[in-house]
Amino acid sequence: MSTPEILLVLALGLVVGSFLNVVVYRLPRMLEGESNETLSLPSSHCPTCKTPIKVWHNIPLLSYVLLKGRCSSCQAPIHWQYPAVELTNACLWLLCAWHWGMHPNAFAWAVCISLLLALSVIDWQTTYLPDALTQPLLWIGLLASSLNLIDVSVQHAVWGAVAGYASLWLVATVFERLTGKEGMGAGDFKLLASLGAWLGPFALIPLVLMASVSGAMVGFWMQSTNRLERGGYVPFGPFLAAAGAVQAFYGGADVFFYINWLL
Ligand SMILES: [Zn+2]
């Protein structure tokens, strides 16, 4: 990639990352009926002093650095999550462009991975995976398949979605019957259905394996360091999303890749 291409992709990734921050912050509140905000209104404001953020103070990442991480009117610290999401999204977009080239395929995967990033942050904070994000992820996956933007045939995309939903639903139902505890929510089934559409049915077993092992490792680590709150469980969504992203980049790798990875 040429330097202008890299800068263009990074800039686009930062702008989209900035919008993801709005989604991550406002969508759960909108769904809970806690606020009258929409994704576009009111314009961005400081959560502490409510002062609207000036356009030149709302440039992704750059403003955070120039304002030294503080609100320009009340000096309240700006949460590190805002620049972190912007930077993460920009790096992931660059990774897509580098992996698939400056091509519509890369754009389709960049959209997928941005939705996965927003879902991960929301699930981590609220333990919910909103339909408002898992559904577009599914439809866009089916559309990308029918437009040949991803290496999954329409037939495989449909079966991937069905298998993704059904397999986790089955595991969760059996788990619930045996233990009386709810292990996963319907949001997890819908997320895996969407990933099945993007990656095809054959990707699902290694994907779930990888998500379960990494989720259990993080859960164990959090438990042993007393970091676990909220009734003591780690949301599964971020691990499904991360495993899905890894699958996207290592697409075509067979199950043995994951077994090697796990060992
Ligand atoms: Zn302020």
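**Close-up 1. Contact between helices H1 and H4 in a predicted model.** From H1, Val-16, Leu-20, Val-23, Val-24, Leu-27 and Pro-28 meet Ser-114, Leu-117, Ala-118, Val-121, Ile-122, Gln-125 and Thr-126 of H4 (contact: heavy atoms within 4.5 Å; helices: DSSP runs of H or I, at least four residues). These residues comprise 10 nonpolar, three polar and no charged.

**Close-up 2. Crossing of H1 and H4.** The axes of H1 (residues 3-31) and H4 (residues 104-126) come within 10 Å. They cross at roughly 35 degrees (lines fitted to C-alpha atoms over the stretch in contact, angles from 0 to 180 degrees between N-to-C directions). The crossing is right-handed (near helix turned clockwise from the far one by less than a right angle).

**Close-up 3. The salt bridge between Lys-190 and Asp-131.** Their closest N and O atoms are 2.8 Å apart (cut-off: side-chain nitrogen of Lys or Arg within 4 Å of a carboxyl oxygen of Asp or Glu). Lys-190 lies in H7 (residues 186-199) and Asp-131 in H5 (residues 131-146), so the pair ties together parts 59 residues apart in sequence. The count comes to one salt bridge.

**Notes.** Local features need pLDDT of at least 70, and side-chain atom pairs pLDDT 80 or more, while totals for chains, interfaces and linings use all residues. Residues are numbered from 1 along each chain as its sequence is written, and side-chain values use heavy atoms, leaving out hydrogens and water.

Definitions and conventions
Helices (H or I, at least four residues) and strands (E, at least two) are DSSP runs, numbered from the N terminus. Ala, Val, Leu, Ile, Met, Phe, Trp, Tyr, Cys and Pro count as nonpolar, Asp, Glu, Lys and Arg as charged, and the others, Gly among them, as polar.
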